[in-house]
Amino acid sequence: QDMDTVDWVVSSAMAAVTLGSELARQLGAQYAFVEKDAEGNPTVFNGEIPEGERVLVMNELMTTGGGSTYTTKLAVQKSNPHPVQFDEFAVVLVHRSGDWELTDGTPVRSPFHFDVQTYEPDHCPYCAAGSPVVKGKPNWNELWLQQQDVN
């Protein structure tokens, strides 16, 4: 099998589904996605990659090397009864991480990179100013309304 051949593109749900399915179409590959569990993490893969077929893991956004891109890869491996042959790198559309590898050492490639400042809690100026620590997605409506009040 040619090393440039990708048989499967697998992404996390839901934001990466359209992008992942189109990438698979462009590559002439099968497409599958990893579903989110009750905590919202992509850990549920209800399929099986046939033995010997090569998988490209992709995502729309990467913030950390241990985040959803990595857990997507883990879910695919854990669901299969045999080892999965993954591509030598993972692909993300927007990279906003200081990590250029997944937790397992897989290199990450991305057409768009943004340097996003991160802080340890003891050195965070926002924490020092009394700002609460919240995840963006679950609190988007509240954060959006607060921003509208400021403007």
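Helices (at least four residues) and strands (at least two) are DSSP runs, numbered from the N terminus. The structure shown in these views is a predicted model.

**View 1. The lining of the largest pocket draws on strand E4 and helices H2 and H3.** The largest pocket has a volume of about 1,500 Å³. Its lining is made up of 40 residues. Those that lie nearest the centre of the pocket are Thr63, Arg96, Val134, Lys135 and Gly136. At least two lining residues come from each of E4 (54–62), H2 (68–79) and H3 (125–128). E4 gives the largest share, four residues. By residue type, the lining of the largest pocket contains 15 nonpolar, 16 polar and nine charged residues.

**View 2. Strand E6 pairs with strands E4, E7 and E8.** E6 covers residues 90–95. E4 and E6 run parallel and are joined by four bridges. Met62 is placed opposite His95 of E6. His95 also stands opposite His113, which belongs to E8. E8 (residues 112–113) runs parallel to E6, with two bridges between them. Strand E7 (residues 108–109) is likewise parallel to E6 and joined to it by two bridges. Here Val91 has Arg109 in E7 as its bridge partner.

**View 3. Leu93 is a residue of strand E6.** Is Leu93 buried, partly exposed or exposed? Its relative accessibility is 32%, so Leu93 counts as partly exposed, since that class runs between 20% and 50%. Leu93 and Gly66 are 27 residues apart along the chain. Their C-alpha atoms are separated by 17 Å.

**View 4. Tyr31 and Phe33 form a tilted aromatic pair.** The structure holds two aromatic pairs. In the pair of Tyr31 and Phe33, the ring centres are 6.4 Å apart and the planes meet at 35°, so the pair is tilted. Tyr31 has a relative accessible area of 21% and is partly exposed. Phe33, at 34%, is partly exposed too.

**View 5. Tyr119 and Tyr126 form an edge-to-face aromatic pair.** The distance from centre to centre is 6.2 Å, and the angle between the planes is 70°. Planes over 60 degrees apart count as edge-to-face. Tyr119 is partly exposed, with 36% relative accessibility. Tyr126 has 54% relative accessibility and counts as exposed, because the exposed class starts over 50%.

**View 6. The charged ends of Lys73 and Arg109 sit over aromatic rings.** Which ring lies under the charged end of Lys73? It is the ring of Phe86, and the charged end is 4.9 Å from the ring centre. The charged end of Arg109 sits over the ring of Phe89, 4.1 Å from the centre of that ring. Arg109 is also the residue of E7 that is the bridge partner of Val91.

**View 7. Gly28 lies in a loop between a helix and a strand.** The helix is H1 (17–27) and the strand is E2 (30–36). Gly28 has a relative accessible area of 69%, so this residue is exposed. Along the chain, Gly28 and Val6 are 22 residues apart. The separation of their C-alpha atoms is 8.1 Å.

Technical notes:
Residues numbered from 1 in each chain as written. Predicted model: local features only at pLDDT ≥ 70, side-chain atom pairs only at ≥ 80, totals over all residues. Heavy atoms only, no water. 1 Å grid on protein atoms, 1.4 Å probe; cavity = no way out; pocket = protein on both sides within 12 Å on 5 of 7 lines; lining within 4 Å. Points joined across faces, edges and corners; volume = space filled by probe spheres on them. Nonpolar A, V, L, I, M, F, W, Y, C, P; charged D, E, K, R; others polar. Pairing = 2+ DSSP bridges. Phe/Tyr/Trp six-rings, centres within 6.5 Å; stacked < 30°, edge-to-face > 60°. Buried < 20%, exposed > 50% of the residue type's maximum accessible area, 1.4 Å probe, protein only. Lys NZ or Arg CZ within 6 Å of the ring centre and 35° of its normal.
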